[in-house]
Amino acid sequence: MSETASSQVPPPPRGKPGPKPRPPVQVEELFGGKYVRSLQAHLARLRAAHAHPNRTLFFDDVAIAYLLAFFSPAIRSLRTIEDFSQTAPMRQQTSVERIARSTLSDANKVFDPTLLEPIIEDLRARVPDLQRTDAKLGELTSRVRAVDSSLFTVAAGVSWALQQRRPNGKGRATVRLNLQWAVAAGTPEGVSVGGADTSEARTLMANLEPDLIYVMDRGYVNFELLDRILHACSDFVLRLKSNTNFTRLKDLPLSDEDRAAGVISDRIGRLSGSTDSHAPGAMVREIIILNPEQPDRPVRLLTSILDVPAHVVGQLYRWRWKIELFFRWLKVHANFEHLTSHSENGVAAGFYIAVIGVLLIYIHTQQPVSKYAYALLGMVASGQTTLDDITPILERRERECAMDRERRARKRAEKAGK
């Protein structure tokens with residue numbers, strides 16, 4: 001739906017007042033307020049959603065409350081949101097006197113979290129292109145999506161989570177956040193939420209797109225998924241399990257760059273299926289790479305990309321650490337290790353808001369995702385510093401890292417030339 005169409009507020013029923021107009025968002029010293037202003041057009045669209053003449057709490061107020069809570073590490077429950085909503089800074093950002101926790105709980109059941117997706121798309125379009133690498137790798141990374149999922153614990157008293165408990169009735173209730181990472185942009189996308197028993201592969205099958213490279217870990221070893229990726233006219237890079245059979249048909253020669261990158265072998269062949277699972281019929285490629293942290297356990301990759309050097313495929317797989325950093329930051333610094341919500345919609349909305357928050361931070365810092373960025377953002381989230389303070393530090397650190405990468409690349413080239 002276009003922004004113009006989605007921003008039109010439907011006329012109220014004749015003889016009944018429409019929803020209260022959204023007041024202009026004020027930019028306060030409150031941390032996070034500056035971000036609310038950039039979302040003004042989307043907030044008007046959210047206010048029109050689920051309109052009812054008797055409604056007093058609208059979706060835009062809920063989104064603002066969750067967004068400001070994301071940037072405020074002390075606000076992590078419906079009760080603390082209710083308390084915070086009664087303060088002057090929060091009341092200047094919303095159109096209600098107080099957001100009662102019972103009302104917010106009811107709103108979580110009604111409001112559709114997918115209405116937040118246009119905000120994510122808009123913010124992603126505003127993210128600067130900071131990708132600087134060689135031409136071949138740059139071309140590939142523009143197509144790469146790192147795919148992963150992570151389990152987040154939910155309080156056992158949450159009604160929706162109770163329905164997702166394990167069959168034996170043991171263990172804590174959990175939900176799974178499925179997320180795709182656009183590597184070239186360094187931003188998250190493709191967010192979905194399901195129960196702990198939701199299949200990672202099945203979730204990805206429902207969201208496949210053409211002309212992409214899906215980079216996945218061993219949890220996605222699924223012959224049907226690989227076959228569907230190929231039929232969607234996309235490619236994959238996948239870490240294989242040790243028991244996945246591969247039939248070698250041809251050995252490919254290794255270049256000096258391949259050896260310098262730790263490539264042990266590069267072979268063309270086919271996957272071997274079984275009576276219960278039919279392997280894709282297409283030719284695939286097995287690349288084995290040395291794991292410096294565990295030299296006796298090399299990384300075994302499978303890819304449908306047959307026409308690029310082996311060390312480039314290895315670099316594509318290494319991009320996965322970005323999505324792992326995002327999950328780690330969500331759990332530790334965004335306090336998403338433990339969630340409290342009374343509905344699936346509420347849990348999903350929390351994850352959407354987290355993605356929006358990360359995109360807003362990215363736009364503000366103008367820096368790609370790195371472990372240093374997440375470490376500094378963790379300090380911001382804990383209230384030790386501000387985004388304005390960390391920006392020059394982050395810029396300096398990124399320059400140092402770029403120089404270090406160039407130095408190591410020169411050393412590898414010199415070693416390969418000997």
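This is a predicted model: local features need pLDDT of at least 70, side-chain atom pairs count only at pLDDT 80 or more; totals for chains, interfaces and linings use all residues.

Residues are numbered from 1 along each chain as its sequence is written, and side-chain values use heavy atoms, with hydrogens and water left out.

I looked up Asn108, which counts as buried because its relative accessible area is 4%. I found Asn108 in helix 7 (residues 101-110), where helices (H or I, at least four residues) and strands (E, at least two) are DSSP runs numbered from the N terminus.

I took a nonpolar core as a set of buried Ala, Val, Leu, Ile, Met, Phe, Trp, Tyr and Cys residues joined through side-chain atoms within 4.5 Å. The largest has 79 residues, and Val62, Leu116, Leu123, Leu179, Val237 and Ile356 have the most contacts inside it. Helix 16 (residues 344-365) gives the most to this core, with 14 residues. Apart from this core I noted another, of 20 residues, including Val147, Leu238, Phe246 and Val284.

Which residue forms a salt bridge with Asp60? Arg47 does, with the closest N and O atoms 3.0 Å apart; a salt bridge here is a side-chain nitrogen of Lys or Arg within 4 Å of a carboxyl oxygen of Asp or Glu. This pair joins distant parts of the chain, as Arg47 lies in helix 3 (residues 40-48) and Asp60 in helix 4 (residues 59-70), 13 residues apart, and both Arg47 and Asp60 are buried.

I then checked Asp148 and Arg320, whose side chains meet in a salt bridge at 2.7 Å, N to O. Asp148 sits in strand 1 (residues 144-154) and Arg320 in helix 15 (residues 320-332), 172 residues apart, and both Asp148 and Arg320 are buried.

The side chains of Asp266 and Arg285 likewise meet in a salt bridge, at 2.8 Å, N to O, with Asp266 in strand 7 (residues 263-271) and Arg285 in strand 8 (residues 284-289), 19 residues apart. Asp266 is classed as buried because its relative accessible area is 4%, and Arg285 because its value is 2%.

Note on methods
Buried means under 20% relative accessible area, exposed over 50%, partly exposed in between (1.4 Å probe, protein chains only).
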